[in-house]
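Hello,

Here is the structure I promised to pass on to you. Have a look at it first, and then read my notes below.

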Amino acid sequence: IGTGPDAAIMFTTIPDIQNLRVSEVTTSKITVTWDAPPDGFTVGNRYTEATDLSTEGTRTKTPAGTPQDEHIFSTLNSFREYRMFFRLKDADGNGGSYRNVTARTLGEAPTGQPKNFNAIPNITFITVEWSAPDLWKRNGIITHYIIEWGEIGSLTTLNYSVPNPTFNTTDDQRYTFRDLKPNTEYAFNIAAVNINGTGPVL
């Protein structure tokens with residue numbers, strides 16, 4: 001009885017993504033890059049996932065044959081924070097550990113009008129009420145509103161600042177115009193404003 005030849009088991013570990021970083025951000029796109037995999041490792045595919053932290057996330061899988069050290073998430077919403085997950089897989093489908101990075105897309109001017117705009121008249125004053133545009137149409141923090149108002153044919157502009165503005169502010173806003181002429185018709189228009197510009201007028 002003797003000892004047979006040694007049996008060797010050979011396997012290659014799956015490398016983790018290294019130096020994951022955001023390289024470009026626009027209002028609708030985030031580009032993420034990382035160091036190229038080591039020589040000799042063939043990428044079978046990449047798992048990628050972008051999760052909008054304010055809504056339900058979406059998942060995509062990137063097939064083989066695309067660049068091995070970059071991924072572009074496109075058609076994203078503006079001024080949203082996304083967490084993006086990555087891992088490499090080899091040609092047999094075995095995957096390494098997940099890595100993630102977080103970034104926020106750039107903002108732009110609001111694309112939504114204020115909602116529920118209403119005027120409550122009295123003899124010598126009128127109170128106007130409204131609420132913020134839909135969340136996905138704010139594209140930034142609504143800091144104030146521009147109200148055009150006055151007698152028909154003679155409008156003036158009022159800048160109304162939002163107290164303690166945040167992106168998720170949903171409190172109804174109101175303002176009272178006083179010392180008005182009795183039995184006189186007044187007009188009111190309103191638009192939301194963030195740091196990037198003014199939205200459509202209602």
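A residue is called buried here when its relative accessible area is under 20%, with a 1.4 Å probe and protein chains only. On that basis, 36% of the 202 residues in the protein chain are buried. Please keep in mind that this is a predicted model.

First, the overall picture. Of the contacts in the protein chain with a separation of 6 or more, 62% are between residues 24 or more positions apart. The exposed surface comes to about 12,200 Å², and carbon and sulfur atoms supply 48% of that area.

The part I looked at in detail is strand E2, which spans residues 30-33. Which residues cover its two faces? On one side are Ile30 and Val32, on the other Thr31 and Thr33, and all of these are buried.

E2 also pairs with two strands that I can describe for you. Strand E1 (residues 21-25) runs antiparallel to E2, and 4 bridges join them. The link from E1 to E2 is a hairpin of 4 residues. Strand E5 (residues 70-73) is antiparallel to E2 as well, again with 4 bridges.

Best wishes

Note on methods
Residues numbered from 1 in each chain as written. Predicted model: local features only at pLDDT ≥ 70, side-chain atom pairs only at ≥ 80, totals over all residues. Heavy atoms only, no water. Buried < 20%, exposed > 50% of the residue type's maximum accessible area, 1.4 Å probe, protein only. Contact = heavy atoms within 4.5 Å. Areas by Shrake-Rupley, 256 points an atom, 1.4 Å probe, with all protein chains shown as cover. Pairing = 2+ DSSP bridges.
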